[in-house]
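Have the structure open while you read.

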Amino acid sequence: MPLCEVQDLQVRFPLRGLQAWLRTLKDGAPPVVRAVDGVSFAIEAGTTLGLVGESGCGKSTVARSLVRLVEPAAGSIRLDGTELTTLDDDAFARVRPSLQMVFQDPTASLNPRLSVRRAVEEPLKLHTDLAATERRARTDAVLEEVGLGADLAERYPHELSGGQRQRVNIARALATNPRLVVLDEPTSALDVSLRARVILLLEELRSRHGLSYLFISHDLATVRYLTSRVAVMYLGVIVEEAWTAELFAHPAHPYTRALLAAVPVPDPDAKRDPFVLSGEIPSPIDIPAGCRLRARCPLARPVCAEPVPVREIAPGHRVACHLV
Amino acid sequence: MADIARPPTSSSASLPASLRLIGLRLRRNWPSATALAIIVLMILAAVFAAWIAPYDADATSAEAALQAPSLHHWLGTDVYGRDLLSRIIFAARVDLAVAFGATALALAIGATIGAISGLHLGWVDLIIMRCVDSVMAFPAFILAMAITAALGNTVTNVLLAIAVTQVPIYLRLVRGEILRIREMEYADAARVVGNPPWRIVFVHLLPNCLPPIIVQATLAMGYALLTMAALSFIGLGIRPPQSEWGSMTAEGAQYIVTGEWWLFLFPGFAIVLMVLSFNLVGDGLRDFLDPRMRGVR
């Protein structure tokens with residue numbers, strides 16, 4: 001049984017304001033943004049699932065609904081067999097130690113008035129009944145593990161570098177020994193030189209503690225290194241999901257092909273898939289019927305206006321496209 | 001600005017270094033430092049008035065009436081022969097107590113309701129903000145006059161009146177700051193870590209709105225003092241024989257034409273000095289607490 005199983009997750013945001021009101025008069029129903037529109041995936045214990053897609057495709061909303069920063073409209077989220085969406089707040093609080101998250105912006109996600117020690121100690125204070133000295137020891141151990149010396153423990157976030165701040169965020173997420181950590185673009189705000197070191201650290205922590213990650217990113221090189229499976233999201237749905245090696249070797253969905261074709265290759269003679277999409281990602285308020293990529297896809301045919309089937313084209317490789 | 005470029009090693013939390021930095025900043029902003037010293041001196045004088053004041057504030061003496069400033073009576077005497085310096089020192093007690101008390105009360109009420117308003121957007125916020133608008137639509141001083149006129153002019157009522165006129169300022173300030181900070185990623189991070197709502201508010205949100213509130217409170221202290229003196233001046237504040245700067249200025253004003261200039265000048269000067277000092281300290285604090293100056297804290 002997978003550690004985490006998400007089925008048909010849907011998140012909608014109501015629109016407000018004058019325009020929304022006018023649309024309500026026209027259409028008879030208040031307009032909603034369907035940020036996540038039926039997403040399903042599973043994460044096996046000790047593995048990493050990558051969730052990729054361009055900005056605004058709903059990948060961060062998936063992450064935020066896992067840790068209940070947004071309420072899903074429908075669907076099921078199971079962690080270790082426990083259904084999370086129906087838990088009340090108290091029951092969910094008891095799950096939180098095993099389900100943590102690292103945010104994108106290492107500076108904004110640290111309270112500027114808490115020292116490193118207090119920030120990392122906080123989850124222990126909230127979820128364990130360790131004595132003060134034991135908490136201190138555990139905090140030191142976690143800081144050590146993410147590569148921060150004890151001399152940094154009394155510092156405040158503004159006294160740290162970007163890389164050190166993200167290590168503090170990782171330490172805070174790891175303090176309670178979680179099973180699943182949601183990583184929402186944890187390296188995109190860092191310098192390229194620091195990025196690699198944080199990625200190596202995350203991978204090392206995963207293998208040492210048997211952690212599972214949901215790794216959200218649009219940096220495909222990082223995804224390729226860190227994940228065992230990849231799900232590609234477009235406009236609120238997963239369009240392709242496969243084992244990482246398989247996906248990078250045989251991308252099947254036109255959107256995945258376009259994503260991979262956009263990655264620069266450091267070899268001027270390399271043969272490249274000259275696959276380019278036209279236009280911009282449409283608004284998640286007006287989602288086209290049938291295939292959502294239809295208007296931008298160079299391969300689009302009349303059949304693409306029909307509801308899209310999800311097919312398994314190789315073991316574990318699922319694609320939502322009429323043409324494969 | 002040169003300080004910002006300083007590497008973070010300078011803030012390695014060694015006490016003498018940070019003390020030296022504070023000293024440096026105080027010297028650079030000498031008007032605020034002087035103002036702070038004046039306020040501290042005035043508070044000390046108020047607390048130890050019984051030891052510092054050369055005479056009893058209420059001791060009358062017929063032969064010492066209306067004396068100009070001299071070596072015996074540094075700031076002169078009033079029509080009852082009371083020593084003006086002693087009265088000004090004793091008046092600092094009630095003036096400063098009401099200014100601090102009104103500010104603290106307004107801050108406590110304003111911050112609490114402001115936080116509630118910022119956290120519960122929707123109809124709760126709507127009702128609170130419309131109430132605030134209606135209070136603010138009233139000229140603050142007229143409102144304070146109305147309250148003391150209706151409730152009677154005791155020290156408590158003056159304090160209450162000033163506090164009521166200042167609540168909206170803190171309320172709006174805290175609400176705005178909470179609205180800004182609740183959307184910060186560290187507020188989300190606090191939720192993910194499992195903080196209960198009260199801890200998110202008191203540990204993660206409110207402490208981060210402190211700097212602008214501290215600045216506002218300091219500036220408002222001068223305003224509270226001025227309101228109180230003005231209320232007393234028109235007879236709606238603290239009543240004689242209780243010595244108070246505003247009422248003393250009003251009493252002294254009667255003697256301008258007869259030439260006893262010291263009677264209105266010195267209490268008035270005390271008001272000006274304190275209001276100016278609070279404003280200068282507020283300005284200094286604003287620079288001091290500027291987030292961009294954090295690195296040299």
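## A glutamine inside chain B

Start with B:Gln166, which sits in helix H7 (residues 155-181) of chain B. Keep in mind that this is a predicted model. Is B:Gln166 buried or exposed? Its relative accessibility is 0%, so B:Gln166 counts as buried, the cut-off for that being under 20%.

Who does B:Gln166 touch, once neighbours within four places in sequence are set aside? The contacts are B:Thr103, B:Ala106, B:Ala220, B:Tyr223 and B:Ala224.

Take helix H2 (residues 30-47) of chain B and helix H4 (residues 84-119) of chain B, whose axes are 8 Å apart and which pack at an angle of about 115 degrees. That angle makes H2(B) roughly perpendicular to H4(B). On the H2(B) side, the contact is made by B:Met42, B:Ile43, B:Ala45, B:Ala46 and B:Val47; H4(B) brings B:Ile89, B:Ala92, B:Arg93, B:Leu96 and B:Phe100. The crossing of H2(B) past H4(B) is left-handed.

Now look at helix H11 (residues 245-253) of chain B and helix H12 (residues 262-288) of chain B, where the axes come within 7 Å and cross at roughly 150 degrees. H11(B) and H12(B) are therefore roughly antiparallel to each other, since the cut-off for that label is over 145 degrees. H11(B) also passes H12(B) in a left-handed crossing. Among the residues that meet here are B:Trp245, B:Met248 and B:Thr249 from H11(B), and B:Leu263, B:Phe264, B:Pro267 and B:Ile271 from H12(B).

## Helix H7 of chain A

Over in chain A, helix H7 covers residues 192-209. After H7(A) comes A:Gly210, with a positive phi near 65 degrees.

Which residues of H7(A) are buried? They are A:Val198, A:Ile199, A:Leu201, A:Leu202, A:Glu203, A:Leu205 and A:Arg206. Those buried residues pack against several elements of chain A, including strand S3 (48-52), helix H5 (132-145), helix H6 (162-174) and strand S8 (212-217).

## How confident is chain A?

Chain A has a mean pLDDT of 89, with 99% of its residues at 70 or more. Within chain A, confidence is highest in S3(A), at 95, and lowest in helix H1 (residues 18-27), at a mean of 79.

Conventions: Residues are numbered from 1 along each chain as its sequence is written. Chains are lettered from A and ligands numbered from 1 in the order in which they are written. This is a predicted model: local features need pLDDT of at least 70, side-chain atom pairs count only at pLDDT 80 or more; totals for chains, interfaces and linings use all residues. Side-chain values use heavy atoms; hydrogens and water are left out. Helices (H or I, at least four residues) and strands (E, at least two) are DSSP runs, numbered from the N terminus. The expected span of a helix is 1.5 Å times one less than its number of residues. Buried means under 20% relative accessible area, exposed over 50%, partly exposed in between (1.4 Å probe, protein chains only). Contact means heavy atoms within 4.5 Å. pLDDT is the predictor's confidence in each residue, from 0 to 100. Axes are lines fitted to C-alpha atoms, for helices over the stretch in contact, and angles run from 0 to 180 degrees between N-to-C directions. Angles under 35 degrees count as roughly parallel, over 145 as roughly antiparallel, 65 to 115 as roughly perpendicular and the rest as oblique. A crossing is left-handed if the near helix is turned anticlockwise from the far one by less than a right angle, and right-handed if clockwise.
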